[in-house]
Amino acid sequence: MRRSEFHRRVIPEVPGVLSRDECYATGQAIARMQEPSGAIPWFPGGHTDPWDHVESAMSLTVTGLREEASAAFGFLRRTQRPDGSWPVKFRNGVIENTDTDSNFTAYIAVGVWHHHLVTGDRMFMSEMWPTVRAALDHVVDMQFPGGHIAWARGSGGLVDEALLTGCASIHQSLRCGIQLAELIDDPQPEWEVALYRLGHALRRHPEVFTPKPEYSMDWYYPILGGALRGPEAHRRIRERWADFVVDGLGIRCVDHKPWVTGAETCELVLALDALGDSERAHELFASMQHLRDPDGSYWTGLVYDDGKRWPVEVSSWTSAAVILAADALSRTTGGNAVFRDAAMPRGQVGRDRCTEHCEVFV
């Protein structure tokens with residue numbers, strides 16, 4: 001397919017908000033930040049972390065920049081450690097922090113599943129499967145008896161703390177990994193058990209997670225990652241809408257700061273879209289476009305009480321979140337439902353009741 005024909009048919013467009021040309025320009029802005037190794041830093045000269053790197057790779061896939069996306073996934077294949085994890089921070093090819101973050105390690109499963117959904121490339125999926133399998137095996141090994149997952153492992157061993165946002169994201173990663181395993185015909189029943197136990201903890205036992213209620217991500221991530229759907233999810237959104245949403249600008253990253261951020265706004269767009277709240281999802285997507293730069297990239301955030309962009313950087317992951325939100329809203333590529341489909345099928349969740357096994361939470 002010629003590039004012009006691909007561009008016309010496949011790249012997302014949100015009428016009246018973001019054209020196909022503008023969406024493609026955002027993909028190109030991310031590609032310009034990519035290093036020769038395939039790594040995609042937060043911004044030119046900044047550091048690279050595995051989670052945001054995967055999100056950026058997903059956006060390259062959506063915008064048809066397949067060679068750049070392949071290079072990004074190739075970077076992860078080459079830098080994965082023998083235990084299946086990645087260092088949490090690289091800069092210009094040098095490891096700056098050797099610790100392991102469970103969420104950072106798990107997200108490769110979402111990226112590879114999404115790539116398959118968009119491209120249908122079975123060879124790519126097969127090539128990446130050993131990387132995904134090793135990563136998720138490592139993450140499942142970090143799960144506590146209560147279902148929650150330690151957020152980090154360092155030189156001193158496993159950190160005795162679980163984070164709600166990270167675990168909610170891991171929920172989606174496990175779901176994508178299980179779907180990949182089914183296609184590859186390499187069943188991973190231990191991942192299925194881990195997913196159910198993690199989902200139960202997210203839905204029924206918030207007390208096992210370190211409380212961070214001031215952050216908007218802890219508000220919407222259980223929905224974005226698929227652990228919550230239905231009336232409970234709608235109630236969760238309703239309860240803190242006024243704390244985080246700033247009309248016409250987006251959402252606050254922190255509830256008491258006059259600072260709206262583009263990535264968090266677009267992630268809430270994806271969460272609302274997963275709940276079928278299309279009207280508010282479109283409104284929020286339109287409201288954050290004030291962060292767009294003429295070159296197609298997006299500024300990270302705006303301190304709205306003084307009208308200053310902060311930090312003074314255009315970030316790859318903010319641009320990536322815009323592209324993924326545009327795809328979800330427009331239903332354009334085969335990967336547009338990757339967040340809507342993050343929830344386990346209702347029949348597998350069952351009644352989700354607490355049992356005697358929940359004694360570990362007491």
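A salt bridge is counted when a side-chain nitrogen of Lys or Arg lies within 4 Å of a carboxyl oxygen of Asp or Glu. E13 is partly exposed too, at 29%.

Residues are numbered from 1 along each chain as its sequence is written. Because the model is predicted, local features need pLDDT of at least 70, side-chain atom pairs count only at pLDDT 80 or more, and totals for chains, interfaces and linings use all residues, while side-chain values use heavy atoms, leaving out hydrogens and water.

The whole structure turns up 13 salt bridges. Among them, E96 and R91 meet at 2.7 Å, N to O; E96 is partly exposed at 43%, and R91 is partly exposed at 28%. Another joins D273 to R331, with 2.8 Å between the closest N and O atoms. This pair links distant parts of the chain, 58 residues apart: D273 belongs to helix α12 (residues 262–274), and R331 to the loop between α14 (316–330) and α15 (346–349). Helices are DSSP runs of H or I with at least four residues, numbered from the N terminus. D273 counts as buried at 6% relative accessibility, whereas R331 is partly exposed at 42%. There is also a salt-bridge network linking R203, R204, E232 and D352.

Terms used
Buried means under 20% relative accessible area, exposed over 50%, partly exposed in between (1.4 Å probe, protein chains only). Helices (H or I, at least four residues) and strands (E, at least two) are DSSP runs, numbered from the N terminus.
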